[in-house]
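Take a moment to look over the model before reading on. The report below starts with the whole chain and then visits a few single residues.

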Amino acid sequence: MSSLRSLYLRWCCQVQDFGLKHLLGMGSLRLLSLAGCPLLTTTGLSGLVQLQELEELELTNCPGATPELFKYFSQHLPCCMVIE
């Protein structure tokens with residue numbers, strides 16, 4: 001899966017922070033949708049800054065996506081469009 005470019009995990013109610021750690025090695029990932037994933041925390045989501053090639057990150061209806069997290073992403077993933 002090292003060449004995977006898009007991953008949609010929308011409304012996957014069992015995705016947790018531990019699962020996100022497995023995505024961090026996917027350096028070719030450009031689009032990631034985690035919209036509606038209720039178990040993800042701000043701490044878990046903040047680790048996504050390691051995905052420096054991300055162009056789009058969708059966090060709609062994701063309780064762990066706080067205003068502070070969006071600011072953090074804007075500073076550390078400046079080329080990524082984060083959808084709130």
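Accessible areas come from the Shrake-Rupley method with a 1.4 Å probe. In this predicted model, the protein exposes about 4800 Å², and carbon and sulfur atoms supply 56% of that area.

**The whole chain**

Let us begin with the overall layout. The protein has three helices and four strands. Read from the N terminus, these elements follow the order β-α-β-α-β-α-β. The radius of gyration is 11 Å, close to the 12 Å that the globule rule gives for 84 residues, so the protein is as compact as a globular protein of that length. If you trace the C-alpha atoms along the principal axes, the span is about 30 × 30 × 15 Å.

How much of the chain is buried? Of the 84 residues, 43% count as buried. Contacts also tell us how the chain comes together: among those between residues at least 6 apart in sequence, 66% join residues at least 24 apart.

**A buried leucine**

Now find Leu51, in the loop between α2 (42-46) and β3 (56-58). Is Leu51 buried or exposed? Its relative accessible area is 3%, and a residue counts as buried under 20%, so Leu51 is buried. Leaving aside residues up to four places away in sequence, Leu51 touches Leu23, Leu24, Met26, Leu29, Leu32 and Leu77. Another residue to look for is Gly25: it lies 26 residues from Leu51 along the chain, while the C-alpha atoms of the two are separated by 8.0 Å.

**Two loop residues with positive phi**

Next come two residues that are not glycines and still have a positive phi: Trp11 and Asn61. Trp11 is found in the loop between β1 (6-8) and α1 (17-21), and Asn61 in the loop between β3 and α3 (67-76). The table sets out their values.

| Residue | Phi | Relative accessible area |
|---|---|---|
| Trp11 | about 55° | 55% |
| Asn61 | near 55° | 53% |

Why does Trp11 count as exposed? Exposed means over 50% relative accessible area, and Trp11 has 55%, so Trp11 is exposed. Asn61, with 53%, is exposed because its value is also over that cut-off.

Technical notes
Residues numbered from 1 in each chain as written. Predicted model: local features only at pLDDT ≥ 70, side-chain atom pairs only at ≥ 80, totals over all residues. Heavy atoms only, no water. Buried < 20%, exposed > 50% of the residue type's maximum accessible area, 1.4 Å probe, protein only. Contact = heavy atoms within 4.5 Å. Rg over C-alpha atoms; globule rule 2.2 N^0.38 Å.
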